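Subject: Structure handover, with notes on helix packing

Dear colleague,

I am passing on the structure we discussed, and my notes follow directly after it. Please read them with the coordinates open beside you.

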Amino acid sequence: MNEFRLVCSITKLNFLGWKKNPRIMLAFVLAFVFCVMMSAKAIMFARTYETTMQIFEPFVWAFSGGESILLASFLLIFFFMDMPFLNEATPYYLMRSGRKAWMGAQILYIVTVTFLYMFFVLVMFCILCAPLSFVGNMWSETGALLGYSGVGEDIALPASVKTMEMSKPYQCMAEIFLLMTLYTLLTATIMMIFNLLKNQFGGVLSVFILNLYGLLLNPEIIGRILDIPQILQYKSNVITGWISPLNHATYYMHNFGYDLLPRLWHSYLILGLWILLNIFIIKKLARRYQFVFS
């Protein structure tokens with residue numbers, strides 16, 4: 001219990017570093033701007049056709065593709081680029097609690113910040129779209145118009161018919177929120193590994209490489225590069241759906257009962273195990289991390 005209190009105390013100290021920190025403030029400002037940009041098309045469409053939306057629909061539509069998930073995860077760099085946190089209290093905590101509690105606090109900080117960041121994004125979407133939205137657990141007329149008429153594809157606002165037929169808005173929002181939280185947590189833990197293994201630049205570079213890997217493993221891109229015939233494109237979808245962490249975080253790239261893509265629980269398990277492996281590596285690296293205090 002005392003060790004857990006020490007972990008919470010060190011985590012609280014990390015959060016105190018947010019006070020008047022321009023980098024953290026910039027991260028939230030950019031996250032807000034990102035939400036405005038991603039919800040603008042949905043709001044404009046609803047106003048044009050004088051229809052309403054279910055309050056979570058803009059969030060679902062915005063993160064139905066891998067590109068928006070990539071952009072959202074990139075903003076985490078502002079929160080974690082200077083990890084592990086070293087300040088005037090670090091030597092004291094290392095003397096009192098040892099490296100185990102100190103690193104436990106870093107991991108707790110990563111998990112907490114990732115959840116808070118995703119919750120902030122979800123709340124901003126709801127606030128921005130609230131004047132045109134309702135809270136009932138049913139898909140709206142706007143969603144039906146976007147999905148079944150094909151207008152959504154024309155204006156780059158995909159409302160998947162498969163999504164609407166296989167789930168309800170609250171369920172769909174929760175599943176997308178969990179997938180994105182796991183992916184951003186995976187990004188953060190990989191960044192922490194390279195921060196400990198190399199330096200802060202190595203951590204930032206690792207995030208770019210991970211996201212570039214996911215971006216290049218887009219089924220359409222793979223099909224064009226390898227000149228895969230359209231009749232065989234399905235195999236490309238299945239392969240990239242299993243080996244790309246970004247596709248695991250993309251809701252529509254899952255099996256809802258009639259194909260060979262990973263099911264949602266497969267993605268939860270794969271991303272979760274990968275995150276636990278990263279945490280194990282972080283703990284190992286922390287044992288031989290060379291502290292430098294100025």
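How many helices and strands does the protein have? In this predicted model, the protein has 15 helices and two strands. Of its 294 residues, 51% count as buried, and the accessible surface comes to about 14,900 Å², with 69% of that area belonging to carbon and sulfur atoms. Among the contacts with a separation of 6 or more, 77% are accounted for by residues 24 or more positions apart.

I then looked at one pair of helices, H4 (residues 66-74) and H11 (residues 200-216), which pack with their axes 10 Å apart and at an angle of about 175°. Since angles over 145 degrees count as roughly antiparallel, H4 and H11 are therefore roughly antiparallel to each other. On the H4 side the contact is made by Glu67, Leu70, Ser73 and Phe74, and on the H11 side by Val207, Phe208, Asn211 and Leu215; these residues divide into five nonpolar, two polar and one charged.

Turning to H11 itself, its 17 residues should span 24 Å at 1.5 Å a residue, and this agrees with the 25 Å between its end C-alpha atoms. The buried residues of H11 are Gly202, Gly203, Val204, Ser206, Val207, Leu210, Asn211 and Gly214, and they pack against H4 as well as helix H5 (77-80), helix H10 (169-197) and helix H14 (245-248).

How values were computed. Residues numbered from 1 in each chain as written. Predicted model: local features only at pLDDT ≥ 70, side-chain atom pairs only at ≥ 80, totals over all residues. Heavy atoms only, no water. Axes fitted to C-alpha atoms, helices over the stretch in contact; angles between N-to-C directions. Helix = DSSP H or I, 4+ residues; strand = E, 2+ residues; numbered from the N terminus. Parallel < 35°, antiparallel > 145°, perpendicular 65-115°, else oblique. Contact = heavy atoms within 4.5 Å. Nonpolar A, V, L, I, M, F, W, Y, C, P; charged D, E, K, R; others polar. Expected span 1.5 Å × (residues − 1). Buried < 20%, exposed > 50% of the residue type's maximum accessible area, 1.4 Å probe, protein only. Areas by Shrake-Rupley, 256 points an atom, 1.4 Å probe, with all protein chains shown as cover.
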